[in-house]
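This report describes a protein model with the chains shown below.

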Amino acid sequence: MVIIPATTGQMGVLPGHVSTIAELKPGVLSVHEGNDVIKYFVSSGFAFIHANSFTDIIAVEAVPLDKIDANQVQKGLAEFTQKFNSATTDLEKAEAQIGVEVHSALSFALSG
Amino acid sequence: MASNAAMPFWRAAGMTYITYSNICANLVRNCLKEPHKSEALSREKVHFSVSKWTDGKPEKPS
């Protein structure tokens with residue numbers, strides 16, 4: 001079973017899942033095989049679940065959790081929260097909000 | 001398309017999906033441990049030079 005971080009929430013995919021295209025948000029993708037779990041952090045992207053029980057994950061960046069630097073994540077979260085509070089234009093606010101979203105997801109991934 | 005409701009915040013601010021996705025990817029790359037960080041940043045580096053063409057001849061590239 002694979003749990004994917006869809007924009008609509010955590011989604012579990014088992015063999016025989018109905019064909020779906022899901023947009024992914026920054027979050028943890030976990031692959032469960034028996035008792036083994038392998039987790040990856042996905043920066044954003046899509047998941048294509050095909051009728052033949054193959055699922056493709058399309059992401060620009062997907063990293064195993066142990067490659068993430070916790071200090072950088074905390075620094076980034078503080079920096080973007082600050083940027084969000086001081087943002088003026090819509091674009092600045094959106095960029096800062098993306099920063100907060102990604103770093104919060106990273107932080108959550110490391111703590112989970 | 002349908003109404004403007006329930007649009008993601010980045011699209012409401014005028015950003016395209018690909019801009020959003022690339023920003024997310026860069027943020028994740030910046031939070032990697034070394035040596036993975038420098039590998040990722042060098043992997044995504046793009047080299048390009050731009051040259052204007054006039055009268056069928058290229059000028060010096062900028």
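## Surface patch on chain A

A:Ile21 is located in strand S3 of chain A, which covers residues 20-24; strands are DSSP runs (E) of at least two residues and helices are DSSP runs (H or I) of at least four, both numbered from the N terminus. Because its relative accessibility is 59%, A:Ile21 counts as exposed. Here, buried means under 20% relative accessible area, exposed means over 50%, and partly exposed lies in between, with a 1.4 Å probe and protein chains only.

Together with A:Phe48 and A:Ile58, A:Ile21 forms a nonpolar surface patch with about 270 Å² of accessible area. Patches consist of residues with over 30% relative accessible area and no salt bridge, where nonpolar side chains (Val, Leu, Ile, Met, Phe, Trp, Tyr) are joined within 5 Å and like charges within 9 Å. A salt bridge is a side-chain nitrogen of Lys or Arg within 4 Å of a carboxyl oxygen of Asp or Glu. Accessible areas come from the Shrake-Rupley method with a 1.4 Å probe, and for residues only the protein chains shown count as cover.

## Basis of the model

This is a predicted model, in which local features need pLDDT of at least 70 and side-chain atom pairs count only at pLDDT 80 or more, while totals for chains, interfaces and linings use all residues. Residues are numbered from 1 along each chain as its sequence is written, chains are lettered from A and ligands numbered from 1 in the order in which they are written, and side-chain values use heavy atoms, with hydrogens and water left out.

## Annotated region of chain A

The unreviewed UniProt entry places the feature "domain: ATP synthase F1 complex delta/epsilon subunit N-terminal" at residues 1-55 of chain A. UniProt positions follow the numbering used here, feature names are shortened, and annotations may be inferred rather than shown by experiment. Across residues 1-55, chain A is 64% strand and 0% helix, and the end C-alpha atoms lie 11 Å apart.

A:Ser53 sits in the loop between strand S6 (45-49) and strand S7 (55-59) of chain A. Although A:Ser53 is not a glycine, its phi is positive, about 70°. With 39% relative accessibility, A:Ser53 counts as partly exposed.

## Nonpolar core

The largest nonpolar core contains 24 residues, and A:Phe41, A:Ile68, A:Ile98, A:Val102, A:Leu106 and B:Tyr20 have the most contacts inside it. Such a core is a set of buried Ala, Val, Leu, Ile, Met, Phe, Trp, Tyr and Cys residues joined through side-chain atoms within 4.5 Å. At least two residues of this core come from each of helix H1 (70-86) and helix H2 (90-111) of chain A and H2 of chain B. H2(A) gives the largest share, six residues.

## Chain B

Chain B has three helices and two strands, arranged α-α-α-β-β from the N terminus on. Of its 62 residues, 24% count as buried. Chain B exposes about 4,800 Å², of which carbon and sulfur atoms supply 57%.

In the loop between helix H2 (17-30) and helix H3 (36-43) of chain B lies B:Pro35. The peptide bond from B:Glu34 to B:Pro35 is cis, with omega near -5°.

B:Asp55 is placed in the loop between S1 and S2 of chain B and has a positive phi near 50°. At 79% relative accessibility, B:Asp55 counts as exposed. B:Gly56 is in the loop between strand S1 (53-54) and strand S2 (57-58), and it counts as exposed because its relative accessibility is 62%.
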